[in-house]
Every structure is written in C-alpha cells, then in structure tokens.
Amino acid sequence: LQRPLGPALAVVGSRNPTPQGRDNAQAFARDLAASGMCVVSGLALGIDAAAHEGALRGGTTLPLATVAVVGTGLDRVYPKNHLDLARRIARHGLLISEYHLGTPPLAANFPRRNRLIAALAQGVVVVEASKRSGSLITARLAAELGREVFAVPGSILGGYSEGCHSLIQSGAKLVHTLGDILAELPQGPNL
C-alpha cells in the first residue's frame with residue numbers, strides 16, 4: 001500500500017485523560033514529528049488534541065506535521081473549542097473527512113472514521129484507554145491491516161489504562177520512549 005503521507009503514525013487515546021496521559025501523548029507526538037513522522041489522530045478531546053498539539057510543536061520543518069481525520073463535514077469543527085487547533089492543523093498539516101459538507105457530529109461517524117486513522121498510518125500508539133475506549137477500535141483495525149500496535153502502560157488504579165494493558169497482554173508492543181517505537185518500524189524513521 002502506497003502511503004502518500006510518507007511515514008506516519010497514529011496517536012490516539014482517552015477523551016478524558018489524566019494530566020500525565022496528556023503529557024505523554026504530546027511528548028510522543030512532538031518527538032515523532034521531530035523525527036520526521038506525520039502524526040495522525042482524530043481531533044477529539046483529550047489525547048487526540050494533545051497529539052496534534054505535540055506534532056505541531058515538533059514538526060516545524062515537515063510539510064505535514066499532523067493529519068486530523070474528522071467525523072464531521074470539513075466545514076464543522078467538533079468539538080467547537082478546537083477551532084483554533086483545526087486552523088493551525090490546516091496551516092501545518094491536513095484535515096480529512098469522508099463526510100459531506102454540513103455533516104454534523106453524529107455519534108456513529110466517529111467509530112467509522114477510526115478505520116481511516118488506522119489506514120493512513122504505519123501503526124497506532126494508544127495512550128490511556130479504558131476497556132470500552134474507541135481507541136481500541138482503532139488499534140484492532142490497525143492490527144487487521146497489518147499495522148504495528150503500540151500501547152503506553154499506565155497506572156493499574158482508576159481504569160484509565162485498562163485498555164492499554166489489555167492491548168499489551170494481547171501482543172501490542174509496550175512503549176515508553178520514541179526509540180521503542182522506531183525500533184519496531186520496518187525501516188526505522190526514514191521509511
């Protein structure tokens with residue numbers, strides 16, 4: 001499969017992360033972008049927004065630092081408080097939607113857009129996901145496409161990382177540094 005984005009990795013996770021989870025997502029995305037990789041995510045609250053922010057900070061020399069796959073028409077920003085972030089992504093990245101202009105934020109559209117996130121990237125990094133997180137849908141779709149699946153471990157308390165721990169138990173690669181990710185990609189950072 002030809003990847004017109006060049007090397008890309010998805011970073012997804014909880015819409016209600018802990019401060020540590022948000023920091024982890026932002027740091028991974030910043031470091032991925034600084035290493036030359038485009039960061040793909042879904043413009044959702046929480047981990048997705050942190051991933052886009054990190055990529056914009058780290059990918060200052062990339063033509064596409066980040067790609068936001070949205071579950072609305074491109075003329076709608078959801079959540080509305082991400083309007084500034086969406087504008088910065090449009091300047092230094094790309095917004096993608098399979099939905100017609102005017103399509104509102106319908107709940108059924110968000111799990112569907114996860115297949116595009118999985119398909120656009122060489123792999124997916126899951127940062128903080130509960131057992132019922134939509135991020136696990138993205139991870140499953142990535143695995144079905146033969147992509148790498150990475151999970152950032154977290155606390156065993158509170159349930160914030162139960163989905164990540166489950167992914168690791170099922171064979172996802174446990175990561176805690178950028179090097180852990182780059183070592184698993186087929187040809188390293190310069191694919």
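This is a predicted model: local features need pLDDT of at least 70, side-chain atom pairs count only at pLDDT 80 or more; totals for chains, interfaces and linings use all residues.
Q: Which residue forms a salt bridge with R30?
A: A salt bridge is a side-chain nitrogen of Lys or Arg within 4 Å of a carboxyl oxygen of Asp or Glu. The closest N and O atoms of the R30 pair are 3.3 Å apart. R30 pairs with D31.

Q: How many salt bridges does the structure hold?
A: The R30 and D31 pair is one of them. R88 and D84 form another, with N and O atoms 3.1 Å apart. The total is 6.

Q: Which residue is linked with D84 and R88 in a network of salt bridges?
A: R88 and D84 are 4 residues apart in helix α3, so about one helical turn separates them. (Helices, H or I and at least four residues, and strands, E and at least two, are DSSP runs numbered from the N terminus.) R88 is partly exposed at 21%, and D84 is partly exposed at 47%. The network also includes E53.

Q: How many residues apart are R115 and E98?
A: The side chains of R115 and E98 meet in a salt bridge of 2.8 Å, N to O. The pair links distant parts of the chain: R115 is in helix α4 (residues 109–120), E98 in the loop between β4 and α4. R115 is partly exposed at 38% relative accessibility, and E98 has a relative accessible area of 38%. Their separation in residues is 17.

Q: What is the order of the strands in the open sheet?
A: Two strands pair if DSSP finds at least two bridges between them. Here 7 strands form the sheet, with parallel pairing, in the order β4-β3-β2-β1-β5-β6-β7.

Q: Which are the edge strands?
A: An edge strand pairs on one side only. These two span residues 93–96 and 173–174. They are β4 and β7.

Q: Why is strand β5 said to be largely enclosed by the rest of the structure?
A: G123, V125 and V127 point one way from β5, while V124 and V126 point the other way. Residues on both sides are buried. Strand β5 (residues 123–127) is largely enclosed because the count of its buried residues is 5 of 5.

Q: Through which helix does the chain cross from β5 to β6?
A: β5 and β6 (residues 148–152) run parallel and are joined by 5 bridges. The β-α-β crossover between them is right-handed: with the strands pointing away from the viewer, the path from the first strand over the helix to the second runs clockwise. The helix spans residues 134–144 and is α5.

Q: Which residue of β5 stands opposite A10?
A: Strand β1 (residues 8–13) and β5 pair in the parallel sense over 4 bridges. The residue opposite A10 is V124.

Q: Which side chain of opposite charge is nearest to D48?
A: D48 sits in helix α2 (residues 47–58). Lys and Arg count as positive and Asp and Glu as negative; His and the chain ends are not counted. D48 is buried yet has no salt bridge. At 4.1 Å, the nearest such side chain is R113.

Q: Which backbone nitrogen lies 3.1 Å from a polar atom of the D48 side chain?
A: D48 touches residues including V11, S41 and L43, not counting residues up to four places away in sequence; contact means heavy atoms within 4.5 Å. The nitrogen at 3.1 Å belongs to G42.

Q: What is phi of L43 near?
A: L43 lies in the loop between β2 (38–41) and α2. L43 is buried, at 1% relative accessible area. Phi is positive in this residue other than glycine, near 60°.

Q: What is omega near in the peptide bond from Y78 to P79?
A: P79 is in the loop between β3 (66–69) and α3 (83–92). The bond is cis, with omega near -5°.

Note on methods. Residues are numbered from 1 along each chain as its sequence is written. Side-chain values use heavy atoms; hydrogens and water are left out. Buried means under 20% relative accessible area, exposed over 50%, partly exposed in between (1.4 Å probe, protein chains only). A polar contact is a pair of N or O atoms within 3.5 Å; within protein, one must be able to donate a hydrogen and the other to accept it, and residues adjacent in sequence count only if both atoms are side-chain atoms.
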